[in-house]
Amino acid sequence: MMLKAAAHRAAMLGRGAAHVSARGLRSSAQARKEIEMFIDGKAVQIEEGSAIIQAAEKAGVTIPRFCYHERLGVAGNCRMCLVEIEKSPKMAASCAMPVGPGMRVLTDTPKIKQAREGVMEFLLANHPLDCPVCDQGGECDLQDQSMRYGGDRGRFGESKRAVEDKDIGPLVRTTMTRCIHCTRCVRFINEVAGTGELGTTGRGNDMQIGTYVARPLTSELSGNIVDLCPVGALTSKPYAFSARPWELKNTESIDVMDALGSNIRVDSRGEEVLRVVPRTNDAINEEWISDKARFANDGLKRQRLTTPLVRVGDAFEAATWADALALVAERLRGARPEHVHAVAGALADAEALVALKDLINAVGSENLAVDAAGCGAPAAGVDVRANYTFNATVAGVEAADAVLLIGTNPRHEAPVLNARLRKPFLAGTAQYALVGEAADLTYDYAHVGTTAAAIDALAEGRHAFAATLRAAKRPLVIVGSAVGELSNGADVMAAVARLAASVPALVGDAWNGLSVLQHAAGRTAALDIGFVPNARSTGAEAAEFVYLLGADGDGAAQPGAIPAGAFVVYQGHHGDAGAHLADVILPGSAYTEKTATYVNTEGRAQLTRRAVNAPGAARDDWKIVRALSEAAGLTLPYDDVGALRARMADVCPTLVHVDECEATSAAVAALGLTQMLAGGRGKAEGPLARAVGDYYMTDAISRASRTMARASASAAKARSSGLIPELEAPAQQAAA
Amino acid sequence: MLSITSTQRLALLARTPAAAARLPALRHLTTANPSSPDSATSPSASAPTSVAVDVHPAHQQEPLPAEVLSGAPPSLSKRTVRIFRPSNNPMQSGKNANLKWRIDFDALEKGDRWSNPLMGWQSTADPMAPVRLDFASKEDAVHFAEKQGWNHFVQEPHFRVIKPKSYKNNFVYRAGKIPMVHTK
């Protein structure tokens, strides 16, 4: 089996590599002329128009900086990055000075040393000496750079300036006296987050960063200003005074709070996850993460299931693993096979899903469903992968020139993706339209209509945006996952297929712009594995045995969907909605407590990594299913995770191609469109639901988090007091 | 190492083929990494030719399992390690953190850490929990892991893409509605 898997991998790798190069060509910006210049005598080739500091980065020369950040606009106000240019009388700020051919730059001369000492002395003149009580201590750019580049004494004898702290919501803590006015936070909120709440007032010594009128930040990306702040002016409120960076164990992992699979680093001390910070991955999250990914970690400590529980009357009683598994096995074997059901929840990992599917199939049942509203399977089917993945890729959206959103609010379903969607808007290279409920998306869009009928209006060219879409070189149509879960989802998806047929450049080999945005981290893997009902499945009405794998009642596991007489097993990590339905609870692990595979909305498999142990008697999810199979006398043929992953490679090779994103070919995608079209029975009409209601409370972990509860309350208050604008489309246009 | 008895040595040597057979258990997880040698084939054959030139001569041979001589407990060679370049701290502008390749051990499922209920002191039952090994290159790290008989997973790093940035973009004229208000 190993050899087979290896050979298969080699074949798939070859294909993946070819695909990656095609994608690279497609999404790269137009190449500009490269010039040669010299940094401290080192020759470096760099694109024309770049800044000197970028050339230095390429040459591996470190230039200290405070205000410059690679992903924000250039401000040029801290003056820390001064360099000498040969034959130039004055020093230049390397972040704001473009490179020139043959330019010779010096970064390490006595003059520069003196300039840096001068800048540091001015910055420290008004910076409080409170490093011992500052949360940034130990990972502070000002601290490190004053040690490396600062002078050894200060000459400032006057009293220091003091600034009142601001209250900008429950997530970001401010100590404005520490602010050095680099304006990174202002630029981030303006450029990336797009909510524009922060700004500056006053000049010189009186300059202040603030919100003008006291108000909380309303962006879902606001936590990133904590990382951006080079000093301790903006720190994390929930993490305040919890730990020092050198006490923390860093574990590189993957986020599961949305389906984007943002790369994160989980920082833990002992058995506790203390914070989550982003990792750089330009293909997915650049270096941002959403507030839910960053701050929901306190939910990992509350409402946890720590021991197997068995329902006795109206109460749960603790049981041993052996007793609980024996009971579940007995009921599993006692039920008629065709009435055994399994439901995959939003946070289920691929290992557990494959094991559970194998077990349910071994019992003799085909009743598998994802925990989605409606029938437990997306309306477009799962035969063609392109019908449920984000085919344009997350990085690819930057290249789009016409964007149509159908039944989705990416700002809530994937805030980091929304920040990427804003980039072409700022560059003026794309136009946007929305079908569905209006939302404040941080970019202007034409509101085509709120009902599904507007999709056909576009397909038939009855709306002005139809012409834009058809003329676009890289049109992008993002369909929310909630659309396929509507009761008339098949009709709506057929309308989407009709629309796709009317846009020539939409689906091709070089660019496939028809993308489905999932909102649950475990959903793409579940669909890849085939966790959907098929022709041999029976309805849930007569279910005798229901296995909920972290299914918390978003759809197929809703209280009404399970008949009263059924024996319900809940396997998961939180005592949330699903656990209340259960007869037996088997405690599993949360994403920080297991090394497991998650497939993001693009179809990219990524591995989390165990940072801490699961509490109490909780176990890895796939091991619970494996143990149950043994108790039921249907032992699954894998004893370790290596063998299980070999099985995963047999079921769906993409599950073990970690970090690769494999596209569906245009011919197969066209086949998928035919299927979508054939699924329609009637006219597409009716309102389009959204997948996410309250952004801060979408899954078992965020619902258990106090920080998320505070953020949710703060957002609700801001909405009721009119600080968040009413959800009106900026440019309302009726369908003609 | 010197205190090893001849019987123990024989036992270890007898175990060696088994240890070698166990090696590829997690190998297939390696991400797009043709240069990580599979123990079934010769490493230089599976490595790309351009890289093979740079590989240290010692690394082109089948590694000698270290447990033959090291006296490490057999349980150690069942452990999985991750080989990766540690990410930079997102809070800081320094870039040197991810210049090296690191090996560290996957946490055990149980008994990894616990805290003293009175004082909050942290304890662990895993002697490998604090171990971090840094290497200059991926090949060095992979070779070391192979030699120790550890299952390893190579996590490829992600780097920033350098896109030209310019101060003048703050002032470029654009016709029509201004997309963003600068409040700086």
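Trainee: Which residues of chain A does UniProt list for "domain: 4Fe-4S Mo/W bis-MGD-type"?

Mentor: Some ground rules come before the answer. This is a predicted model, in which local features need pLDDT of at least 70 and side-chain atom pairs count only at pLDDT 80 or more, while totals for chains, interfaces and linings use all residues. Residues are numbered from 1 along each chain as its sequence is written, and chains are lettered from A and ligands numbered from 1 in the order in which they are written. For that domain, the unreviewed UniProt entry lists residues 248-304 of chain A; UniProt positions are given in the numbering used here, feature names are shortened, and annotations may be inferred rather than shown by experiment. Over this span the chain is 9% helix and 35% strand, with its end C-alpha atoms 23 Å apart, where helices (H or I, at least four residues) and strands (E, at least two) are DSSP runs numbered from the N terminus.

Trainee: What helix and strand content does the span of residues 111-150 of chain A have?

Mentor: That span is 60% helix and 0% strand, and its end C-alpha atoms lie 14 Å apart. The unreviewed UniProt entry gives residues 111-150 of chain A as "domain: 4Fe-4S His(Cys)3-ligated-type".

Trainee: How should I read a sheet, and what is the strand order in the open sheet of seven strands?

Mentor: Two strands pair if DSSP finds at least two bridges between them. In chain A the seven strands follow the order 14-13-24-23-22-15-16, and the pairing is mixed. Strand 14 (315-318) and strand 16 (367-370) of chain A are at the edges with a single partner strand each, so one side of each has no neighbour in the sheet. From one strand to the next the twist averages 20°. Within this sheet, strand 13 (residues 309-312) and strand 24 (residues 584-587) of chain A run antiparallel and are joined by two bridges, A:Leu309 having A:Ile585 as its bridge partner.

Trainee: Which strands does helix 8 of chain A lie across?

Mentor: Helix 8 (residues 321-334) of chain A lies across strand 13, strand 15 (340-344), strand 22 (545-549), strand 23 (567-572) and strand 24, running at about 125° to strand 24. Axes are lines fitted to C-alpha atoms, for helices over the stretch in contact, and angles run from 0 to 180 degrees between N-to-C directions. Helix 9 (residues 350-363) of chain A also packs on the sheet, where it touches strand 15, strand 16 and strand 22, and its direction makes about 170° with that of strand 15.

Trainee: How many residues of domain 1 and of domain 2 of chain A are in contact?

Mentor: Two residues are in contact if their C-beta atoms, placed from the backbone, lie within 7 Å. Domain bounds come from an automatic or database domain assignment, which for chain A gives domain 1 (309-379 + 523-655) and domain 2 (385-520 + 661-697). Between them, 15 residues of domain 1 are in contact with 20 residues of domain 2, and the centres of the two domains, taken over C-alpha atoms, are 31 Å apart.

Trainee: How many residues does each chain give to the contact between chain A and chain B?

Mentor: Chain B gives 45 residues and chain A gives 64 residues. On the side of chain B that touches chain A, the elements giving two or more residues are strand 1 (80-84) and strand 3 (114-115) of chain B.
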